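Hi everyone, thanks for making time for this. I'd like to walk you through one structure today, so let's bring it up on the screen.

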Amino acid sequence: MKRISWEEYTNLRVSDRIPYLSKPNTDNEPFHVLYSQQFTREMLDHLCALADKIRALHKTERGGDLLRSTLRNKNALNLFAQPSTRTFMSFLMAEQKLGMEVVDIRDVSTSSQAKGESLQNSIRTFSSYVDAIIMRHPDAGAAELAAYEMNMADRRIPVLNGGSGRDQHPTQALLDIYTLTKSLGEIDGKKIAMVGDLLRGRTVRSLSYLMKNYEDVELYYVAPERLRMADDVKDFLKRSHIRYTESENLEAVVSIVDAVYMTRIQWEWDRAAGAKSPDAGEYDPRFVFRKEYLDRMKKRSCLLHPLPKINEIDPELDYSDDPRVVYWRQERNGMWARAALLARIFDVDRTIMDSDDD
Ligand code: CP
């Protein structure tokens with residue numbers, strides 16, 4: 001791959017950056033994972049099947065031993081410069097299930113970045129000690145800068161984006177696809193509502209991009225006017241011939257769609273911009289999933305949320321035994337989906353799929 005400057009690289013469209021994020025001599029098989037646009041349908045189907053297999057193997061002693069042997073000579077850094085519960089925990093558990101040794105940095109003020117070291121030099125240093133970096137960062141381009149640095153370095157290790165600014169959260173989108181597939185049987189032909197803070201929510205952005213891999217999907221964006229989905233995603237949907245509608249009426253769509261994907265209003269962005277109190281939208285009942293909405297949903301449908309949630313789902317549903325309420329299963333699925341991704345990146349997926357220890 002030709003070396004290009006950071007400026008040249010960042011002038012490329014995302015589709016033209018993908019070769020720089022891929023394993024050499026492959027058909028753009030992800031090495032670094034930064035954008036959900038890197039995933040093809042074939043990869044998504046494979047990763048879902050692999051996640052199922054890992055889950056099944058984990059249930060037996062021999063299967064668990066086999067999994068732990070696959071990456072026991074590898075180690076990972078979980079570099080989380082922004083708060084996280086489930087992405088951090090599920091990556092940690094996924095890494096351990098595959099036998100990796102893991103170190104973490106959750107407070108960059110304890111690293112030499114506090115002395116003024118650049119992100120690039122810090123990443124270069126981390127790469128001296130570990131075989132992969134999983135990274136969450138408040139800045140949209142930080143994981144990409146880390147991946148670029150690794151491409152320039154002689155020890156190129158993968159960088160996985162665990163959430164970058166308002167931009168993307170590709171591994172969340174992967175576990176969302178896994179959950180939708182398990183809940184609905186298939187995603188082709190399905191109607192999916194995404195509700196809440198669509199402007200600042202990176203999960204809904206990444207998931208929207210993945211819809212290009214499925215036939216005849218229709219999206220229903222339900223958001224307060226000021227928090228509607230951004231134009232770059234909507235332009236992508238138009239170019240990809242994916243139908244979408246926009247409204248402020250969750251109640252009207254719950255009976256139409258196959259999946260409702262709730263998100264919270266991300267008040268922290270308003271606070272960072274100097275707002276003194278939550279916008280009225282945070283408590284707007286039009287964007288709250290009420291318990292009775294479940295009665296109106298299709299028999300085979302599902303209610304998702306990437307979590308954390310605040311008040312946008314009736315808390316009684318937390319204890320519902322209705323199989324359509326899947327958000328707790330969804331967060332557990334993150335562990336299996338992320339284990340599948342790590343196994344694929346490190347080329348141990350065939351060993352896992354071929355095992356009969358489940
Ligand atoms: N869904 C998600 O990214 O959750 P965390 O912020 O807890 O990692």
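Predicted model: local features only at pLDDT ≥ 70, side-chain atom pairs only at ≥ 80, totals over all residues.

**A sheet and a ligand**

Strand β1 covers residues 75-80, and with β2 it pairs in the parallel sense, over five bridges. How many strands form the open sheet, and in what order? There are four, and reading across you meet β2, then β1, then β3, then β4, with parallel pairing. At the edges stand β2 (101-105) and β4 (159-164); each has a single partner strand, so one side of each is left without a neighbour in the sheet. On average, neighbouring strands in this sheet are turned by 15° against each other, if we ignore direction.

Let's move over to the ligand. Where does the ligand sit? In the largest pocket. The residues around the ligand are S84, T85, R86, T87, R136, H169, Q172, P306 and L307.

For S84, a polar side-chain atom lies 2.6 Å from an oxygen atom of the ligand. With T87, an N or O atom in the side chain is 2.7 Å from a ligand oxygen. R86 takes part through its backbone: a polar atom there is 2.9 Å from an oxygen atom of the ligand.

And how much of the ligand does the protein bury? Taken alone, the ligand exposes 260 Å², and the protein buries 91% of that.

That's my tour, and I'm happy to take questions!

Definitions and conventions. Residues numbered from 1 in each chain as written. Heavy atoms only, no water. Pairing = 2+ DSSP bridges. Helix = DSSP H or I, 4+ residues; strand = E, 2+ residues; numbered from the N terminus. Axes fitted to C-alpha atoms, helices over the stretch in contact; angles between N-to-C directions. Near = heavy atom within 4 Å. Polar contact = N/O pair within 3.5 Å; in protein donor to acceptor, adjacent residues only side chain to side chain. Areas by Shrake-Rupley, 256 points an atom, 1.4 Å probe, with all protein chains shown as cover. 1 Å grid on protein atoms, 1.4 Å probe; cavity = no way out; pocket = protein on both sides within 12 Å on 5 of 7 lines; lining within 4 Å. Sits in = over half its atoms within 2 Å of the grid points.
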